[in-house]
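Thank you all for coming.

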Amino acid sequence: MAREAAPAGEREAVLKVHGLRIVLDPSGVDIDDEVSLQIHRGEVLGLVGESASGKTTVGTSLLNYQRRGAKIEAGRIEIDGQDVLSMSTEALRKIRGGAISYVPQDSSASLNPALRIGKQLLEILEIHGFGESQADREARRAEMMAEVLLPSDEQFLRRYPHQLSGGQQQRVAIAMAFANRPRIIVLDEPTTALDVTTQAHVLDTVRDLTRSYGVAALYITHDLAVVANLADRIAVMYAGRLVEVGTRDELFDEGHHPYSRKLLASIPDITGERALRGIRGWAPRPGQRPSGCTFAPRCDWVIDKCRAEYPPVEEVSPGHTVRCWRYKEVGAQAGVFETVELRDKSLSQRAADVREVISVRDVDAYYQHKKTLHDINTSLSERHCLSLVGESGSGKTTLARCIAGLHPHRIVGDIEFNGKRLAREARDRPRATRQAIQYIFQNPYSSLNPRKTIGQILSQPLGVFFDLSRSETEDRMADVLEKVALDASLLSRYPDQLSGGERQRVAIARGLAAEPTVLICDEVTSWLDVSVQAAIIELLASLQRDMGLSMLFVTHNLALVRSISQEVAVMTEGRIVEFGLVDAVLEDPQADYTKKLLSDTPTV
Amino acid sequence: MPPLLKLILIRVGLGLLTLFLVSVVVFAATQALPGDTARAILGKEAADKARYEALRKQLGLDRPIHEQYIEWLGGVVTGDMGDSLVQDEPVTKLLGRRVVNTFTLVFVAAVLSVPISLLLGSLTALKRDTLFDTSITVGSLSLAALPEFVIGIALILFFATQVLKGAMPAVSRVDPGLPIYQQLKLFILPAVTLTLAVAPYILRILRASTIEVLESEYVMMARLKGLPERLVLNRHALPNALAPALQVTALNLAWLAGGVVVVEYLFAFPGIGSLLVDSVANRDMPMVQAICLIIAAVYVLANLTADILTILVSPRLRTGLR
């Protein structure tokens, strides 16, 4: 996996950033500080960090662009020796989309909904005066479409953004970014919203284009696994500062910062060797960052000095820098992958002779008149976890909702709970059944009522299913919060005062409050950072074991399933194409689709 | 059939259904008013029971309500709105010139208010939080807070009777014998009153939707592509801000058709609004019914137009038609 990466200095640096400081305006609270980095011709630098670490702010600042309420207070940014921050408006306009271009996180929102994509692509060429004539520009557009593997016929170019799939939209955005043969390109989490297969294609495209055009690239992501096979060098960002910068191999094999190592350990391991370990707590937002080393509250290596003073930049070897008081001790440890705990493989064994809690027999489901699930047969065993894996549109969420009684359209076939047929709609099911089957939604930012306190949210299932006194209710609430490792002081808070990971824990606590026997988790980590995802998976796995829950775990990420489940069902196009024990399915997949999914899942 | 045509036909059908329901409500409401037409016509003489009953019979007021309704509706459909009970002439004839007057007034108000509010709405959004934005915002909010008759009275005081005495006529008695273009001065104050009453709403919605669009990721992307600010605004921002403003504009123009009642009364303007007030006072039911239907029809038409325009300017809606 090691790739030739010429040492810094030998190649020409396309981008030089020095001492960049970006603050909130007018409060002056820093978003980013002391950011210095270089990217060389043809090199991909991965900028990795959790939400709120300030990495997107650094990305757009390279184009001298700040969102409302932020401003660059100090530092220098040079592209090919030109100072971007002191440019005239006109010079800046010329360089944006010309020498430096940007690929946004969510291209569905960043393509103009009212303009045809052909027009939007042509526009960037026209503005920067590409070629001699309109014919030249149209030829270039066709060339770019071919490079991102999209058709360039008139009919396709006349489409509006909403008539394209998410992957196609992202390809259009990439085509646009490469159109004027830029010197450097900023990619801001361009694959976060995409399925693994689409993500793999987009990553391939980015890799090929940066190579063939010799473009320098800054690839921003929260997922180290995504850049593992793409980036030559990686910069790890925490709370607005670069805590470690080095080549891919230096970072992966001999990380000197505890945070870098923690990030690595939180990458789900598809081979199933490593145990998944999250990072406790969450990355602090600007204005809430502690003094001293900002990572100290989450660090296992913390000493008193860390809380007092932010560590200086230390050079481990030429080009490999780190900011940690104890970097030598940290680096002296063996590589992350040698030191992490191994996964307890007995946890993915299926017990013999277990009862089926949920049985799904010959189920077809419809969305209005369209059949979306075909001939589904599967079962959930008591005290076991079944992962339901597939891409968007595979029908995995539909199946989960059918079981939960949340599918509002026609279902044919039988879904049984403890041998009894379940009514289609939850409201027609007996109360005991509704209590026994609980559902946790994908997006913790919309599944919790923003006008209710955590206490009110948790007391709801308690009030519906149990006849409790006030003090009993409070005891139960404190109890479920403890189960999800949250403090009882959160009861009086509102959801928007919590981080994404905390919100998802509250949502899990709400499910647990009903004392269910079956827990359905629908993509519960897809909105979360990888580090937080790992912690949530750890939590769910231990809850499932300790409370003897039967769990249906719906996910698009095949790499997660070994860390949580004993059985797996792989779905595509509304059908289950493979079903079996996780180790068997992942080690020796039978269905072509499973094999493809496995090969598209990024690994480190 | 082209999907857009199909949609228009469906919407026109729904519009007609709405008008039918309105006709039922209007008819029922006029029936519910205390005192009937015969009593209104006779005045004190209604005490004479025999004369009262005879007139009721002559006017058809003694027949069952549903019969009266069906006969009236049949007339409306064939263009015969009945005769005015007060002036003893066909309603359509009496209405003709007044409808023209009112529509001219509403048209002038629309021509003034729409461009002004669109311009100010987008400018305030672009110059957000500057002195210009703040003063326009405060000004438009104050206007929105004032009832239109207060605005009208203030204008009359300023331009006609107190400060600039006689600069503008205080009353707008449009002469039915002269063509409108010779009397445009009479339209100015009422039209300005209506404009000031309506423009703040359109302005504020356009400001809000422009701000939302300016903060959108595709506008950020347009800037990061190196587009000149002029193109960012004209090609990427404003067209997307227009759709929400269309709906509000239509609603407000429709409101104008009903809102003229007070303003016409204030300026003694001979339009359908002042006629409606008089007709209600005189229990001239055929007239009240006809005017209510006209106002309702304007509402339906304005909303229909706005919906169709919204679809035309929103590719997502347009391509989604089936």
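**Where the chains meet**

Between them, chain B and chain A bury about 2400 Å², and 59% of that area is on carbon and sulfur atoms. The contact itself involves 21 residues of chain B and 29 residues of chain A. On the chain B side, the residues that lose the most area to chain A are B:M220, B:L224 and B:K225, which together account for 27% of what that side buries.

How many salt bridges are there between chain B and chain A? The count is four. A salt bridge between A:R68 and B:D129 has its closest N and O atoms 3.1 Å apart.

Let me turn to chain B by itself. Chain B has 13 helices and zero strands, and along the principal axes its C-alpha atoms fill a box of roughly 85 × 60 × 35 Å. As for confidence, the mean pLDDT of chain B is 86, with 99% of its residues reaching 70 or more. Among the elements of chain B, the lowest mean pLDDT, 74, belongs to helix α2, residues 37-42, whereas the highest, 94, belongs to helix α9, residues 217-224.

The axes of helix α5, residues 91-126, and helix α12, residues 285-313, both of chain B, come within 11 Å and cross at roughly 40 degrees, and α5(B) passes α12(B) in a right-handed crossing. If you look at the residues involved, B:V91, B:L94, B:L95, B:V99 and B:F103 in α5(B) meet a set in α12(B) made up of B:P286, B:M287, B:A290, B:I291, B:I294 and B:V298. Sorted by class, this contact of α5(B) with α12(B) has 11 nonpolar residues, no polar residues and no charged residues.

Now to chain A, where the mean pLDDT is 90 and 97% of the residues reach 70 or more. Over residues 1-9 of chain A, however, the pLDDT is below 50, although this stretch has 13 contacts in the model beyond near neighbours in sequence. Where pLDDT is low, the predicted coordinates should not be read in detail.

Over all chains, the structure holds 48 salt bridges. One of these joins A:D33 to A:R21, with the closest N and O atoms 3.0 Å apart. Since A:D33 lies in strand β2 (residues 30-40) of chain A and A:R21 in strand β1 (residues 13-24) of chain A, the pair ties together parts that are 12 residues apart in sequence.

Let me end with the backbone of chain A. In general, most residues other than glycine have a negative phi, and most peptide bonds are trans. A cis peptide bond, with omega of about 10 degrees, joins A:D25 and A:P26, and A:P26 lies in the loop between β1 and β2 of chain A.

Conventions: Residues numbered from 1 in each chain as written. Chains lettered and ligands numbered in written order. Predicted model: local features only at pLDDT ≥ 70, side-chain atom pairs only at ≥ 80, totals over all residues. Heavy atoms only, no water. pLDDT = per-residue confidence, 0-100. Helix = DSSP H or I, 4+ residues; strand = E, 2+ residues; numbered from the N terminus. Axes fitted to C-alpha atoms, helices over the stretch in contact; angles between N-to-C directions. Left-handed = near helix turned anticlockwise from the far one by under 90°. Contact = heavy atoms within 4.5 Å. Nonpolar A, V, L, I, M, F, W, Y, C, P; charged D, E, K, R; others polar. Buried area = accessible area lost by both parts, 1.4 Å probe. Salt bridge = Lys/Arg side-chain N within 4 Å of Asp/Glu carboxyl O.
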